[in-house]
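Me: I'd like to learn how to read a protein model. Can we go through one together, a feature at a time?

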Amino acid sequence: MATQRNGFKKESFILSVDVGTTTIRCNVFDKGAKIRGTCSSKVVLLYPEPGLVELDPEELFNGFIAVVKGAVQDAGVKMSQIVSLGIATQRGTFTTWDRTTGRPFHNFISYQDLRAIDSVTSWNGSYTMKAVQGAMTLLYLVSRQKRFLAASVLVFSPQQVTFRLLWALTHYTQLRQAVAEDTCCFGTIDTWLLFKLTKGTFAFTLSTFQPNPFLSKMCWSGPLFSMLSLSLYLIISYNNSLLQHCCKIADQQAAMYGECCFDVGNVNITMGTGAFVDINTGSKPHTSAAGLYPVVGWKIGEEVVYLAEGNAADTGTAIKWAQGLELFSDVQETSAMAYSVADSDGVCFVPSFSGLQAPLNDPTACASFMGLTPSTNKCHLVRAILESVAFSVRQLYQTMLRETCIPVTKIRVDGGVCTNDFVMQLTTDLIGQKLARPVHHEISCRGAAFVAGLGVGMCQLQTHTC
């Protein structure tokens with residue numbers, strides 16, 4: 001784990017960066033999993049029109065570089081002592097750019113963005129889908145197999161990258177031209193960062209070949225691309241020598257790995273900008289009929305671990321929104337405010353700035369307060385908002401239990417909202433299970449560091465923590 005230079009050992013470190021929805025955070029880890037340096041900055045979200053959420057690609061990259069330099073400086077180490085880099089990022093936020101010039105054709109389109117809602121609504125209500133539903137329902141009646149039930153209630157979501165990519169191809173002329181000339185690159189945040197870091201030698205490119213439709217084959221959905229008339233697919237081209245000491249992992253998967261949820265039945269609940277409930281389903285992807293979706297947790301060597309995930313998009317967003325309305329000045333005040341009243345005085349809050357996800361799956365739902373009376377005060381409103389977070393998590397948790405039928409073996413929590421004692425206690429009461437809250441609630445950085453450490457033989461990282 002160290003190199004010999006001039007007669008003394010040079011200590012090695014792992015650099016880990018989490019690009020979240022609201023914050024870019026970088027930590028420097030030593031081989032004992034101790035944070036030796038840290039730096040963070042805010043992510044600037046752009047709202048060009050109601051329902052549209054974007055990020056500036058160049059500004060995001062500059063923020064990434066700034067926190068990396070800041071963390072290394074805070075740790076008092078040299079960049080030459082960094083032996084591996086782990087990156088955890090949002091999954092569904094993407095952009096496209098010119099492979100030759102490196103210029104983006106548009107801003108990052110956030111996973112929270114609703115610009116594809118019209119096409120999604122059209123597809124969900126189309127005669128094609130109704131025909132598929134009828135056929136698959138018949139198959140389910142014959143076979144009694146759960147996967148056919150999942151197909152019979154197939155519901156698209158504006159959070160899916162495919163529909164937002166289709167929107168971009170429709171609205172950006174230069175993008176369509178670049179696709180025709182095979183000079184267009186596509187990428188989520190991690191891909192864009194790697195493209196910039198490697199000066200263009202790493203990219204996902206849009207190309208024309210037949211994709212594999214199975215998640216177990218680690219590919220994107222071919223049938224979905226075909227249904228949307230997209231003869232496009234994603235292929236990887238990169239320089240191995242430049243990336244041998246770099247790993248990338250999505251934020252929820254990084255949180256699961258950072259919480260050491262390695263066994264079937266392990267659950268991690270992330271309470272950040274959105275609420276996510278993930279359960280380890282082992283070596284097989286899970287099919288759901290109520291809005292949970294299968295994701296690849298991680299692939300180490302030949303072993304692939306799958307997760308079943310459900311999300312509610314606007315839990316942390318609602319708290320930040322309330323702060324903007326000056327219901328409170330400091331987020332740390334909210335727990336005491338909620339406890340200062342016996343109940344919410346009949347007030348309910350629906351946290352659906354981006355629609356409602358599983359199990360309701362209604363992208364058109366609007367956020368709202370209900371039950372307001374002349375006796376309602378700020379503390380009642382704040383309590384109603386915090387209660388909505390806990391009830392959203394309960395709803396996701398119950399859906400997970402009902403859909404997976406996997407016995408839960410442990411539950412871990414992370415994310416900024418998990419520091420709120422009121423939310424944590426109410427969530428514990430609602431789901432009837434003990435929740436393990438970490439000392440450091442930002443776990444995605446740690447998970448990315450664990451995976452990056454495995455790549456360079458620093459297995460002590462997770463041994464010291466798990």
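Reply: Helices (H or I, at least four residues) and strands (E, at least two) are DSSP runs, numbered from the N terminus. In helix α10, Asp251, Gln252, Gln253, Ala254, Ala255, Met256, Tyr257 and Gly258 are buried. This is a predicted model, where local features need pLDDT of at least 70 and side-chain atom pairs count only at pLDDT 80 or more, while totals for chains, interfaces and linings use all residues. Residues are numbered from 1 along each chain as its sequence is written, and side-chain values use heavy atoms, leaving out hydrogens and water.

Me: How many residues of α10 are buried, and what comes just after the helix?

Reply: For α10 (residues 251-258), 8 of its 8 residues are buried. Just after it, cysteine 260 takes a positive phi of about 60°. Across the protein chain, 52% of the 466 residues count as buried.

Me: How many helices and strands are in the protein chain?

Reply: The chain has 16 helices and 20 strands.

Me: What is the order of the strands in the open sheet?

Reply: Two strands pair if DSSP finds at least two bridges between them. Here 5 strands form an open sheet in the order β16-β17-β15-β14-β20, with mixed pairing. At the edges stand β16 (293-300) and β20 (410-414), each with a single partner strand, so one side of each has no neighbour in the sheet.

Me: In which sense do β14 and β15 pair?

Reply: β14 (residues 266-271) and β15 (residues 275-282) pair in the antiparallel sense over 5 bridges. Take asparagine 268: its bridge partner in β15 is aspartate 278.

Me: At what angle do α13 and α14 pack?

Reply: Axes are lines fitted to C-alpha atoms, for helices over the stretch in contact, and angles run from 0 to 180 degrees between N-to-C directions. Helix α13 (residues 378-404) packs against α14 (residues 421-431) at about 40°, with their axes 9 Å apart.

Me: Which residues meet there?

Reply: Contact means heavy atoms within 4.5 Å. Among the residues that meet are Leu386, Val389 and Phe391 in α13, and Phe422, Leu426 and Leu430 in α14.

Me: Which strands does α13 lie across?

Reply: Helix α13 lies across β14, β15, β17 (303-312) and β20, and runs at about 20° to β15.

Terms used
Buried means under 20% relative accessible area, exposed over 50%, partly exposed in between (1.4 Å probe, protein chains only).
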